Amino acid sequence: MTVYITPFFAGLLTLFYIALSVRVIGVRNSERIGLGDGGHGGLQRRMRAHGNFAEYAPLALLLMLMLELTGTTPWLLWALGLALLVGRTLHAYSVSQEPEPLRFRIAGMGLTFTVLAAAALILMLQSAGWILSV
């Protein structure tokens with residue numbers, strides 16, 4: 001079985017993660033802040049956008065990979081990947097802004113949670129079907 005959808009989104013999301021990292025590094029360098037946020041609100045927001053991405057994207061990609069390996073229909077994988085990409089983008093944009101446009105943060109987390117929940121439930125149903133057929 002060839003796996004090609006999840007690696008595509010893993011690549012896109014990795015590039016986005018690097019961009020979020022570079023934004024944190026840029027403020028750290030310009031403000032000479034080596035550790036923590038140094039009380040700099042903009043750095044704190046960038047750090048949380050970066051950290052939150054790192055907390056959610058890997059699990060979603062892992063679930064997508066398991067779905068792809070179990071033969072889940074490609075259109076569903078594309079839908080999950082696009083929802084994850086849009087969700088993480090909306091969330092990072094929102095958290096990075098001052099004042100924060102809360103509707104984008106809510107939409108971003110909603111999309112991310114939808115991807116996580118849908119992938120988890122589908123995997124559980126697939127597993128239950130396999131267990132029952134043994």
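Phenylalanine 8 is partly exposed, with a relative accessible area of 42%. Partly exposed means between buried (under 20%) and exposed (over 50%), using a 1.4 Å probe and protein chains only. Phenylalanine 8 sits in helix H1 (residues 5–31). Helices are DSSP runs (H or I, at least four residues), numbered from the N terminus.

This is a predicted model: local features need pLDDT of at least 70, side-chain atom pairs count only at pLDDT 80 or more, and totals for chains, interfaces and linings use all residues. Residues are numbered from 1 along each chain as its sequence is written, and side-chain values use heavy atoms, leaving out hydrogens and water.

Now the helix pair. The axes of H2 (residues 41–69) and H3 (residues 74–96) come within 9 Å and cross at roughly 175°. Therefore H2 is roughly antiparallel to H3, a term for angles over 145 degrees. Axes are lines fitted to C-alpha atoms, for helices over the stretch in contact, and angles run from 0 to 180 degrees between N-to-C directions.

Next, charge pairs. A salt bridge is a side-chain nitrogen of Lys or Arg within 4 Å of a carboxyl oxygen of Asp or Glu. The count comes to 4 salt bridges, including these:

| Pair | Closest N and O atoms |
|---|---|
| Arginine 45, glutamate 100 | 3.1 Å |
| Glutamate 100, arginine 105 | 3.0 Å |

Arg45, Glu98, Glu100 and Arg105 are linked in a network of salt bridges. Glutamate 100 is partly exposed at 22% relative accessible area. Arginine 105 is also partly exposed, at 33%.

Methods
Helices (H or I, at least four residues) and strands (E, at least two) are DSSP runs, numbered from the N terminus. Angles under 35 degrees count as roughly parallel, over 145 as roughly antiparallel, 65 to 115 as roughly perpendicular and the rest as oblique.
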